[in-house]
Amino acid sequence: MTARQGFIGQSVVRREDARFLTGRGQYTDDITLDRQTYAAFLRSPYAHARLKRVDTEAARRAAGVLGVFTGEHFKDVGGLPCGWLINSIDGSPMKEPRHPILADGKVRYVGDRVALVVAETLEQAKAAAALIDVEYEELPAVVDVAEAAGAPVHDEAPDNQCYLWQIGDTDGTDAAIKSAPHVSTLTLRNNRLIPNAIEPRAANASYNPADDSYTLYVSNQNPHVERLLMCAFVLGIPEHKMRVVAPDVGGGFGSKIFLYGEETALVWASKQLKRPIKWTAERSESFLADAHGRDHLTKVELACDRNGKFLALRVNTTANLGAYLSTFSTAVPTILYATLLAGQYATPKISATVKAVFTNTAPVDAYRGAGRPEATYVVERIVETAAHELGIDPAEIRRRNFIREFPYATPVGLTYDTGDYDATMNQALALADVAGFAQRKAASEARGFKRGLGYAAYIEACGIAPSSVAGALGARAGLFEAGEVRVHPTGKVTIFTGSHSHGQGHETTFAQLVADKLGIAMDDVDIQHGDTGKVLFGMGTYGSRSLAVGGTAILKAVDKVIAKGRKIAAHLMEAADTDVVFEDGVFKVAGTDKAVPFAQVALTAYVPHNFPHDKLEPGLNENAFYDPSNFTFPAGTYICEVEVDPATGVTRIDRFTACDDFGNVINPMIVEGQVHGGLAQGIGQALMEHGIYEPGSGQLLSGSYMDYAMPRADDLPAFAVQTVKGTPCTHNPIGAKGCGEAGAIGSPAAVINAICDALKVKDVPMPATPYNVWRAAR
Ligand code: MCN
């Protein structure tokens with residue numbers, strides 16, 4: 001691509017792929033430092049036990065061992081913080097038990113960290129960990145969200161309740177449901193998921209005695225937040241004495257935005273040993289000890305009139321938070337979930353009650369979609385149920401209830417700025433060839449199969465988040481983003497962004513954005529991210545916020561560059577600043593043929609005797625912080641068509657159609673790829689993925705790829721994915737809405753709705769494994 005060609009809306013090939021496809025990516029585990037040592041963690045084999053004795057003597061004396069550390073060493077160190085305070089209905093703050101770096105007197109889930117061993121080699125560290133003699137006194141364990149009222153996980157929460165929270169008009173909703181002509185009811189489980197990024201979590205921590213500073217390489221999505229939390233809340237290290245680098249990261253899907261005990265222990269121990277320490281999770285450790293996702297039990301009731309007009313929605317959810325509060329865990333089943341329960345519909349009354357409980361399972365936190373897939377599942381399952389019960393076409397009942405006037409303030413706290421739900425619905429109906437469904441169904445039936453069609457019309461709030469809104473709702477940090485534009489004397493540009501790319505293609509799309517705005521070649525723009533030593537600040541990547549929030553911060557800094565450039569150009573052209581315009585990479589005096597290109601202005605900025613430096617500083621380097629005024633609200637309609645074999649319960653997805661409104665799109669190919677990835681995850685949740693703990697023992701039964709079924713290419717159809725000519729977001733200058741999670745949010749409900757339609761049953765438990773489907777068919 002050359003300069004002066006617009007880059008917005010172009011499917012530019014991902015520039016980062018050149019290094020990934022040729023094996024030149026630089027992941028945390030690829031980094032080996034001088035005098036490197038290796039760590040292994042001893043983990044609890046019990047779901048709940050008292051640590052009666054932890055004898056590390058033999059491990060200490062084992063070959064190559066440099067240090068063995070237990071909870072005793074961390075007694076005076078802070079616990080891992082939770083970033084979001086939720087208050088219960090009665091005003092009391094959530095229960096916030098200590099989340100120790102290494103187990104402190106008790107272990108509370110299988111995989112809980114008991115000890116850290118550091119040795120010259122990984123093999124020596126693992127061998128020594130096996131020599132630690134631990135006497136456990138087993139305690140009763142609770143794992144199931146429905147039975148959490150059992151044995152207390154923490155003394156601070158004897159009933160295992162972290163909080164009981166509510167949103168919406170409870171009395172009004174109750175009254176509307178009581179007097180409604182029709183009420184549909186469902187009890188739904190949102191199955192527990194275990195994130196499976198290709199690159200497991202990894203960290204390499206080193207301490208420099210020369211200046212009492214630390215460097216942490218870590219597979220992480222938000223290095224500045226990692227640094228802030230670890231320094232300020234846990235280890236008490238001055239923030240400027242710690243550099244956190246998140247180099248290439250092989251996927252995160254939310255599971256790498258949290259501060260974990262492993263990397264925190266490594267940083268602390270690196271000072272004790274004055275050697276760099278590396279740890280990379282084995283896959284079985286990832287299963288046990290990465291934060292899991294979802295795990296809700298919900299009763300939902302939707303009241304309608306006889307024409308299918310929605311009158312009220314009442315939702316009662318119990319959410320499993322696991323054994324400890326992970327960094328954003330408390331916000332997921334509340335702020336990110338219940339506020340989305342209006343969906344695309346003008347339901348006048350909505351109320352939601354959320355009880356969050358502790359169990360003896362791995363902590364549960366944000367995972368692609370975080371709260372919004374759960375909300376969409378609840379809303380879109382009950383809407384489809386109501387349609388079937390009332391004998392109204394599922395597309396039609398949705399149309400009868402769509403919000404059509406914007407801005408629209410929902411009864412659960414959000415204000416949608418813009419949207420056109422008919423547009424995505426209509427396009428999806430056409431693309432999925434719903435008109436031809438009856439014929440395909442007859443053909444399936446002739447072969448002994450059942451065919452079904454399921455819809456989901458999702459909405460999500462992303463671009464997280466307006467700090468004022470988040471703060472009012474309990475966030476303990478702002479959620480803005482920062483960007484810096486460094487224009488070099490030759491007119492080449494380096495961008496430093498607080499967003500972190502770990503598969504989303506920012507190095508390409510952010511370069512498109514900047515090259516387009518400055519009218520320069522994409523090759524002249526370099527994108528840097530993921531290093532607190534380079535980037536001024538950053539809140540990182542999650543909640544599909546990077547383009548809408550991070551991209552806007554960059555554009556604001558570019559605007560400042562252009563503003564200063566205009567002054568320099570005015571001097572060069574002997575014109576007034578106010579007469580100079582910037583178009584297609586050139587500063588011009590309006591109405592004349594006087595013009596200077598961007599690169600000439602850049603050079604002039606660094607040769608100060610060429611412009612009035614008494615009025616203007618030399619250099620061309622600007623930064624900006626951007627705090628959005630609202631979320632962005634991408635939305636779409638997904639249609640799934642399945643063929644079910646009633647004899648075996650095997651479901652085959654024959655067609656999957658996704659039509660989304662992401663506002664203005666920078667790179668359609670990358671956006672389509674993002675939707676594909678999300679669909680694979682959402683369909684995986686719907687059909688096969690399930691994190692299961694055994695009741696009683698609390699063992700993770702699905703702790704490997706033998707038992708935890710990840711979707712594979714042959715489980716998925718060729719997706720039909722289209723973005724509509726969208727409704728641009730009204731409050732960011734790009735007009736963009738987030739796209740990174742949509743596929744995972746909209747798809748589970750569409751799949752389960754399709755299976756229910758095929759079998760003509762009210763519900764099939766998720767995941768719809770052959771066994772669950774076969775049982776439902778009977
Ligand atoms: N984009 C665009 N036009 C739009 C919206 C986005 O061109 N209207 C582009 C963006 O410029 C960016 C990409 O699409 O290159 C995704 O942008 P955005 O929706 O802003 O999402 P983020 O970059 O903030 O990514 C976060 C999102 C989340 S929350 C999860 S979880 C997730 C996801 O991205 N995790 C991923 N996609 C992932 N993809 C990979 N490969 N790996 C992960 O871990």
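Which residue has a backbone N or O atom that lies 3.1 Å from an oxygen atom of the ligand? The residue is Leu-547, and the sections below place this contact within the rest of the structure.

## About the model

This is a predicted model, in which local features need pLDDT of at least 70 and side-chain atom pairs count only at pLDDT 80 or more, while totals for chains, interfaces and linings use all residues. Residues are numbered from 1 along each chain as its sequence is written, and side-chain values use heavy atoms, with hydrogens and water left out.

## Domains

The protein chain is divided into domain 1 (17-24 + 480-626), domain 2 (31-139 + 198-251 + 256-289) and domain 3 (296-465 + 630-777), with bounds that come from an automatic or database domain assignment.

## Where domain 1 meets domain 2

The centres of domain 1 and domain 2, taken over C-alpha atoms, are 39 Å apart. Their contact (heavy atoms within 4.5 Å) involves 16 residues from domain 1 and 17 residues from domain 2. About 1,400 Å² is buried between these two domains, and carbon and sulfur atoms give 54% of that area; buried area is the accessible area (1.4 Å probe) that two parts lose on being put together, summed over both. On the side of domain 1, His-500, His-502 and Thr-532 supply 41% of the area buried against domain 2, more than any other three residues.

Two salt bridges (a side-chain nitrogen of Lys or Arg within 4 Å of a carboxyl oxygen of Asp or Glu) are counted between domain 1 and domain 2. Arg-243 and Asp-531 form a salt bridge in which the closest N and O atoms are 2.7 Å apart.

## Around the ligand

An N or O atom in the side chain of Thr-509 is 2.8 Å from an oxygen atom of the ligand, whereas at Phe-253 a polar backbone atom is 2.9 Å from a ligand oxygen atom.

Methods
A polar contact is a pair of N or O atoms within 3.5 Å; within protein, one must be able to donate a hydrogen and the other to accept it, and residues adjacent in sequence count only if both atoms are side-chain atoms.
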